Amino acid sequence: MAQDDPKQSGGFFASIANSLSNFSSAMTKSVNGLLGYEGLEVVNPEGGTEDAEEEARRGRWKQEDRDSYWKMMQKYIGSDVTSMVTLPVLIFEPMSMLQKMAELMEYSYLLDMADECEDPYMRLVYSTSWAISVYYAYQRTWKPFNPILGETYEMVNHGGITFIAEQVISLNGCHFKVLIRHFSLQVSHHPPMSAGHAENEHFIYDISSKVKTKFLGNSIDIYPLGRTRVTLKRDGVVLDLVPPPTKVNNLIFGRTWVDSPGEMIMTNLTTGDKAVLYFQPCGWFGAGRYEIDGYVYNAAEEPQILMTGKWNESMSYQPCDGEGEPLPGTELKEAWRVADAPKNDKFQYTYFAHKINSFDSAPKKLLASDSRLRADRYALEQGDLSKAGFEKMRFLSLSLILCHVFHSRDFSLFRWSECVKALV
């Protein structure tokens, strides 16, 4: 975690698999009667159904906080809670959503390799491995802070990529604006939507996304909606990504963990080739957890390369015949392996996540609105939950006031620093 003091410096859309709504492949058990909570299900990814009560008593919540939050959240069961609920700082990590977006670029060298590759099927191997690599970061069960209006984040010196993100507002409502090398997009903030763009000498990355959720009591289903495109510059190849949905288990009772059962599809829109990979659901005693298997197909939907691995470890590939069997004389070769990560890190951060949060990756002239300088983020990073909670509520109040100021004064676009001056 970054040790810098901010005071001295100036935080996918496959078909929604039925396995999410019928999560029978993982072990669930109602603990109603055991703990007295109606409709509560606890999932232990490392065991069976017999230890549900014991698992329910584990996790990051204190007994009194857990009971209080459960009573508050019961009324939202079955609802999309994307922007309905104010969450306690206890479940947050010291990073904003703008910073979280930058984590997509940790293994961007795989897109560089895809662009340099002559083999059209190996292009899909490398680009799909890149898409899978971000799931190692997504398994963190801490929530990033929502950006306030006018908040920015800029990261420099990573693979030739400069990443700049900004939260803004327009006359039509709260909007989210992302800038990469002077390119900007605006989409709706309520309901939450985001857009992003990254570019270097090898590729152009664009995403417009919207997340729909369904709160199920002690878990939440997350259905990503939108579009993700990667353009490889050398030949102008355009790739379209459709990732699987995600389920977050044991939100309140038990140890929180993430699963993403379903298909990921990467399609070469230029040639018709595609990669189809299946994320295995977690089974009894963790069987199948993290595992991914699938193929790269040509335009005629004939398998060309098989791919296998675990999204928290590595991905490998091997040429195959028309039946999907490995070709004689070939062997599995590794396409990607997760980088070493700090041991026993409180927030399960990778070294790259720390780099994102550090002032070492900041530009020389850091804007006062940069996520790194958020008081709530910094307080949480220092372990002061009380101050972090206070600052989080202050930021939320400021955001609501700024939104009102913009609309009442009929401004179409106004920067954060100017808004603050308008409020004084």
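Colleague: Why is tyrosine 109 called partly exposed?

Modeller: Buried means under 20% relative accessible area, exposed over 50%, and partly exposed in between (1.4 Å probe, protein chains only). Tyrosine 109 has 36% relative accessibility, so it counts as partly exposed. This is a predicted model, in which local features need pLDDT of at least 70 and side-chain atom pairs count only at pLDDT 80 or more, while totals for chains, interfaces and linings use all residues. Residues are numbered from 1 along each chain as its sequence is written, and side-chain values use heavy atoms, with hydrogens and water left out.

Colleague: Is tyrosine 107 buried or exposed?

Modeller: Tyrosine 107 is buried, because its relative accessible area is 6%.

Colleague: What makes tyrosine 107 and tyrosine 109 an edge-to-face aromatic pair?

Modeller: Rings of Phe, Tyr and Trp (its six-membered ring) pair if their centres lie within 6.5 Å; planes under 30 degrees apart count as stacked, over 60 as edge-to-face and the rest as tilted. The rings of tyrosine 107 and tyrosine 109 are 6.3 Å apart centre to centre with 65 degrees between the planes, and therefore they form an edge-to-face pair.

Colleague: Why is the pair of tyrosine 135 and phenylalanine 279 called tilted?

Modeller: The angle between the planes is 55 degrees and the centres are 5.1 Å apart, so the pair is tilted.

Colleague: How do you know whether tyrosine 135 and phenylalanine 279 are buried or exposed?

Modeller: Tyrosine 135 has a relative accessible area of 4%, so it is buried. Phenylalanine 279 is at 1% and therefore also counts as buried.
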